[in-house]
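Dear colleague,

Please find the structure below, handed over for your reference. My findings follow directly after it.

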Amino acid sequence: MKIKYELSKSEEEIMEYIWGNKEGVTSKTVMEEFNEKKGKFWKKQTVNTFLSRMVNKGLLNSELEKNRYTYYPALTKTEFEQGRAEDVLRLGYEGSVLKFFQTLNGRPLNEKEIAVLHKVLKGRLQV
């Protein structure tokens, strides 16, 4: 399955919560987190829709346990960020890092950014 990296703001918030959770989550634990602690007013069906979409996008795995689904991240946050960056390059810049940087030509890089990029390109630093 090809992973889809495009997320709504709410899906991104849910993924952050799931990545920060050592154990899997259920729709109930997601509702409690966001409704009680983050001031959302999501109904059960809304949460289930978010979770189902993220399973369909390849971002979550689900397991049926005692008549309820438990959700786990299908990839780490780092893997997600790398995949999303690769998607941006592929879709917007023909997969070319050079074309991406050429697009930034209109925006000057500061000395710190240049130094970090130089180290990354030389393979001395992993970001």
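In what follows, a residue is called buried under 20% relative accessible area, exposed over 50% and partly exposed in between, computed with a 1.4 Å probe on protein chains only. By that rule Asn67 is exposed, with a relative accessible area of 78%.

The model is predicted, so some limits apply: local features need pLDDT of at least 70, side-chain atom pairs count only at pLDDT 80 or more, and totals for chains, interfaces and linings use all residues. Residues are numbered from 1 along each chain as its sequence is written, and side-chain values use heavy atoms, with hydrogens and water left out.

Asn67 lies in the loop between β1 (60-65) and β2 (68-73); helices (H or I, at least four residues) and strands (E, at least two) are DSSP runs, numbered from the N terminus. Its phi is near 65°, a positive value in a residue other than glycine. Glu94 also has a positive phi, near 55°. This residue sits in the loop between α4 (77-93) and α5 (97-103) and is exposed, at 66% relative accessibility. Most residues other than glycine have a negative phi.

Leaving aside neighbours within four places in sequence, Val30 is in contact (heavy atoms within 4.5 Å) with Ile14, Tyr17, Val25, Val47 and Leu51.

The helix packing deserves a note as well. The axes of α1 and α3 come within 10 Å and cross at roughly 80°; axes are lines fitted to C-alpha atoms, for helices over the stretch in contact, and angles run from 0 to 180 degrees between N-to-C directions. Angles under 35 degrees count as roughly parallel, over 145 as roughly antiparallel, 65 to 115 as roughly perpendicular and the rest as oblique. The two helices α1 and α3 are therefore roughly perpendicular to each other. In this contact, Ser10, Glu11, Ile14, Met15 and Ile18 of α1 meet Phe50, Leu51, Arg53 and Met54 of α3.

The axes of α1 and α2 come within 11 Å and cross at roughly 110°. Here Glu13, Ile14 and Tyr17 of α1 meet Thr29, Val30, Glu33 and Phe34 of α2.

With kind regards
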